[in-house]
Amino acid sequence: MQVKIEDQSSIKKVLSFEIPKETISKELNKAYAELKKKADIKGFRKGKIPRKVLENRFSAEVHAEVAPRLIQEAFAEAVENHKLDIVGGPQLEPPELKPDADYAFDITVEVKPELDDIDLQGLEIKKRLYEVAEGEIESQIYMLQKSMATKRKVEEERPVKENDFVLIDYEGFLNGEAFEHTPKVENYVTAINKEPLPKEFSEKLIGAIPVQDLEIEVVYDDDYHDENLKGKTIQYKVRLKEVQEEVLPEANDDLVKDLEQFETLEDVKASIRDNLEKGIAQRVKHEMSEQIFSQILEKIDFQVPQALVQGELNGIIAETEQAYAQNNTSLEDVGLSREIMQEKYKNVAEKQARRHLILDKIIAQEKMELSDEELDAGFEEMAQAMSATKDAIKNFFNMDPRQLQYYKHTQLEKKAIDLIIEKSNVIEVTPDALQGADLPSEEAGVQA
Amino acid sequence: MIEYDILRGPVVTEKSTLQRELFNQVTLKVAKDANRVEIKNAVEKAFNAQVKQVRTVQVKGKIKQRGRIIGKKKDWKKAVVTLMPGQRIDFFEGV
């Protein structure tokens, strides 16, 4: 078998194959011999069908079976012999197989680009020292209080204010007649100045003192979401019965008793602080890796195989679809489609593909490997995050070696980033000092 | 086209394939009331080949029984046509 490899670019190669006719007739003989045993044609006993008859009846099928096999074997051999690092699927348009001629075909493949060694020394990274703001903890506690708030009737006689709740009866009339889509509702509790209460209600109700009867006219727009109401003017007869206000529970240990995992308020605060700190650590790391990549990308330039970009893109789209599916919507529901996503995230996907290639290169360049202990620690971490046992995680990966390979690779990539950070000049700065230049990529641009 | 009324189709079996390869004979299903001369003329006209000899056989249809229901396949006439040496009928090569 002969292969000619032609480089179209650093990432695209065309392999030209020529399979000699001897090989083809050998393969065909084998296929027909196999077929002879199995084929069943009327007028012939099984296994006694002449080759000629088989060829007449089954040549299309036999060729369709033999040709891809020949191509695949040849391709695999070529990949093996020439050490091609292929990404994505090969592209080919195989011609028809002819039994008595050499079989020539071309395959176009994309390969990983060969990167030059990356100089990791002397990268300058700014590390921002964020701190957990006390205010943030307070506001989270406040959210907690708010979520557990109760409503209480205001005993004193006072007018309705903003942020109050009201207890009302109401009935809607269309042109002075009771309207079937706005029946009488009693003892309805609602917040003032909040959706879905029409703003006319809020306006009229503020300042009113219970018990009081009001007439409120609401004009619904033509594009109102309710088919039955849009474009109509409804007169509501409303009886304001009570003013209610929200009572926040006090922030003390009793409040957190209901949260099960926690005993005291301090525990909750500590947990919130912990979460915030984790978030900050992640953010810092993310910022640093952003800087690293933009600086490395300044240094080296290479082409990215389209197959890799497409792979990243598919990942992004699948993730988004999944996220929407969890909320019981779909891409189409929010006015998106796969095509729009493709267009929108093309650059992101390409950037990600570049990153992976750079990290691959660094892993190879520094001859990094993942030790068993590190793998184990990774499992442990994952087990905690997914609240599963470590053994379960291990089992899962042992059952699927490809997943394991993939997981190992992601861990290696993380390790590579850590290594780069270690080798770089990390300058610690306070976040305030950098407020102006917020985007790390922009900073890198200025430096260069 | 009288020849197409007489010639009904090829007979492709182990035996007929062998006969074609060894004795240059082609085997056909023919109309039941056709005689050897008519068959010879029809084959020569339809396939543009010279015929040396025609032999015919009355084939009795098989009795097919399925449960209590007994059926019979149609009787038909088979013609084994020997071609002149060197003559060939492409139509039969393809079956």
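**Pockets and the A–B contact**

In the second largest pocket, β6(B) supplies the largest share of the lining, four residues (strands are DSSP E runs of at least two residues, helices are H or I runs of at least four, and both are numbered from the N terminus). This is a predicted model, where local features need pLDDT of at least 70, side-chain atom pairs count only at pLDDT 80 or more, and totals for chains, interfaces and linings use all residues. Residues are numbered from 1 along each chain as its sequence is written, chains are lettered from A and ligands numbered from 1 in the order written, and side-chain values use heavy atoms, with hydrogens and water left out.

**Second largest pocket**

- Its volume is about 870 Å³; a pocket here is an open set of points on a 1 Å grid over the protein atoms alone, where a 1.4 Å probe fits, with protein on both sides within 12 Å along at least five of seven lines, and lining residues have an atom within 4 Å of a point.
- Grid points are joined across faces, edges and corners, and the volume is the space filled by probe spheres set on them.
- The lining counts 27 residues, and Val11(B), Lys29(B), Val59(B), Lys62(B) and Trp76(B) sit closest to the centre.
- At least two lining residues each come from β1 (7-10), α2 (14-23), β2 (25-30) and β6 (76-83) of chain B.
- By class, you get eight nonpolar, six polar and 13 charged residues (nonpolar is Ala, Val, Leu, Ile, Met, Phe, Trp, Tyr, Cys and Pro; charged is Asp, Glu, Lys and Arg; polar is the others, Gly among them).

**Largest pocket**

- About 1500 Å³ of space lies in this one.
- There are 34 lining residues, with Glu312(A), His356(A), Tyr406(A), Thr410(A) and Glu413(A) nearest the centre.
- Two or more lining residues come from each of α6 (265-299), α7 (306-326), α9 (346-365) and α12 (401-423) of chain A.
- α12(A) gives the most, 11 residues.
- The lining splits into 10 nonpolar, 13 polar and 11 charged residues.

**Where chain B meets chain A**

- Seven residues of chain B and eight of chain A make the contact (heavy atoms within 4.5 Å).
- The two chains bury about 720 Å² between them, 47% of it on carbon and sulfur atoms; that is accessible area (1.4 Å probe) lost on putting the two parts together, summed over both.
- One salt bridge crosses the interface (a side-chain nitrogen of Lys or Arg within 4 Å of a carboxyl oxygen of Asp or Glu).
- Glu14(B) pairs with Arg45(A) in a salt bridge, closest N and O atoms 2.8 Å apart.

**Salt bridges overall**

- Over all chains, the search turns up 11 salt bridges.
- One of them joins Glu27(A) and Arg69(A), with the closest N and O atoms 2.7 Å apart.
- Glu27(A) lies in α1 (residues 21-38) and Arg69(A) in α2 (residues 51-82) of chain A, so this pair ties together parts 42 residues apart in sequence.
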